[in-house]
Amino acid sequence: MAHKLAFIGFGTVGQGLAEILENKKEQLKVNENFEAEIVAISDFNKGSIYHPRGLEIGTVLGVLKETGNLENYPSSPGLVTGWDSLTTIRESNADTIVEVSYTDVKTGQPAIDHCRTAFRAQKNVVMTNKGPVALAYQELSHLAEMQGVHWGFEGTVMSGTPSLRMPIAALAGNEIYEIRGILNGTTNYILTKMEDEGVTYEEALMEAQALGYAEADPTSDLEGYDARYKIAILANYVMKQPLSVDEISCRGITEINRHDIETAKAEGKRWKLLAKARKENGRVVASIAPEKVEATDPLASIKGTVNAIAYDCDLLGTVTLSGAGAGKVETGFSLLIDLINIDRERKLVNI
């Protein structure tokens with residue numbers, strides 16, 4: 001039976017997942033025994049559509065491209081338009097809510113309320129929004145467990161690179177006592193440009209913005225706030241220790257200059273903005289700060305927009321994972337893998 005999905009938000013990431021589901025429909029059915037059906041989409045700016053028997057993905061994408069409004073989808077008996085996000089979550093027949101709305105990372109809203117509403121309606125949630133996981137992990141994970149539903153958020157850290165699923169699944173049995181990571185591609189790109197080409201911080205930032213790696217207002221990346229949310233997620237989920245964002249010291253790369261870069265090179269080191277979480281005396285201590293990393297460190301070789309993370313384990317030693325930390329397809333994949341795993345678990349329960 002097809003897994004019914006309701007999208008809350010339908011920007012780049014949501015459309016990326018929709019395109020994957022359309023383009024890989026037969027492959028997913030044959031190789032993964034996975035079928036998905038989009039029954040609803042609710043976007044604050046693009047409108048809202050719902051049909052209990054499913055929407056035609058190609059038509060949805062075509063209508064949106066041509067008109068910019070989902071509600072221009074061809075009318076048919078049973079089609080409903082105009083629902084807001086909470087009504088879509090509560091009233092649609094979706095099994096899983098794909099939460100990819102715009103979210104204020106300072107408050108986690110409206111995505112936190114989307115999760116609460118879905119879990120109380122006994123619906124699964126998959127999402128790429130960092131805010132709810134970083135700010136309300138303890139509450140939302142408990143609510144999902146109490147309601148017997150799944151909450152997937154692989155894409156909140158390193159996009160589709162399995163920085164969350166890999167340690168939980170493949171490193172089970174280890175105690176992970178420290179996590180160190182390059183979790184922001186924008187800052188890593190800027191530091192790489194400064195080191196490799198000798199440009200100033202300002203020049204590297206301008207190029208990053210021109211290439212779309214940095215936002216018009218890049219404060220969240222440059223000051224380390226983006227990485228701060230991600231290390232909070234890792235501490236709570238992977239290290240299983242409650243840690244609030246406010247407890248994490250945070251310093252970005254805005255004060256790094258060419259002299260700093262050249263000094264590090266002379267010492268055989270490279271500057272990296274490191275997110276760190278370490279178990280100390282039964283609690284986790286975390287920080288975001290630029291550090292000079294030895295050239296022999298696995299994280300030192302990570303250049304450009306690539307992300308990487310190192311898990312220090314008691315049984316296996318240090319395990320390092322690197323890969324894309326952003327991108328339409330990559331982040332769309334993070335949602336897909338969460339959906340596939342929910343589907344697998346659902347089928348196991350029904351065996």
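Ala, Val, Leu, Ile, Met, Phe, Trp, Tyr, Cys and Pro count as nonpolar here. With that in hand, welcome to a predicted model with two cavities of 30 Å³ or more. The lining of the second largest cavity has eight nonpolar, no polar and no charged residues, whereas the lining of the largest cavity divides into four nonpolar, one polar and five charged.

**Second largest cavity**
- This cavity holds about 30 Å³ of space, and its lining consists of Phe-10, Ala-18, Ile-38, Ile-41, Leu-55, Ile-57, Val-60 and Leu-61.
- Two or more lining residues come from each of β2 (36-43) and α3 (57-67), with α3 giving the most, three residues.

**Largest cavity**
- The volume is about 50 Å³, and the charged residues in the lining include Glu-195, Lys-265 and Arg-270.
- At least two lining residues come from each of α8 (185-197), α12 (258-266) and β10, and β10 supplies the largest share, four residues.

**Strands around β10**
- β10 (residues 269-280) pairs with β8 (residues 176-182) in the antiparallel sense over four bridges, with Ile-179 opposite Ala-277.
- β10 also runs antiparallel to β11 (residues 283-294), joined by twelve bridges, and here Ala-275 faces Ile-288.
- Two residues separate β10 and β11 in their hairpin, and Asn-281 in the turn has a positive phi of about 55°.

**Helices α5 and α6**
- The axes of α5 (residues 111-120) and α6 (residues 130-147) come within 10 Å and cross at roughly 5°; angles under 35 degrees count as roughly parallel, and these two helices are therefore roughly parallel to each other.
- Their contact includes Phe-119 of α5 and Leu-140 of α6, and its residues divide into nine nonpolar, one polar and three charged.

Definitions and conventions. Residues numbered from 1 in each chain as written. Predicted model: local features only at pLDDT ≥ 70, side-chain atom pairs only at ≥ 80, totals over all residues. Heavy atoms only, no water. Pairing = 2+ DSSP bridges. Axes fitted to C-alpha atoms, helices over the stretch in contact; angles between N-to-C directions. Parallel < 35°, antiparallel > 145°, perpendicular 65-115°, else oblique. Contact = heavy atoms within 4.5 Å. 1 Å grid on protein atoms, 1.4 Å probe; cavity = no way out; pocket = protein on both sides within 12 Å on 5 of 7 lines; lining within 4 Å. Points joined across faces, edges and corners; volume = space filled by probe spheres on them.
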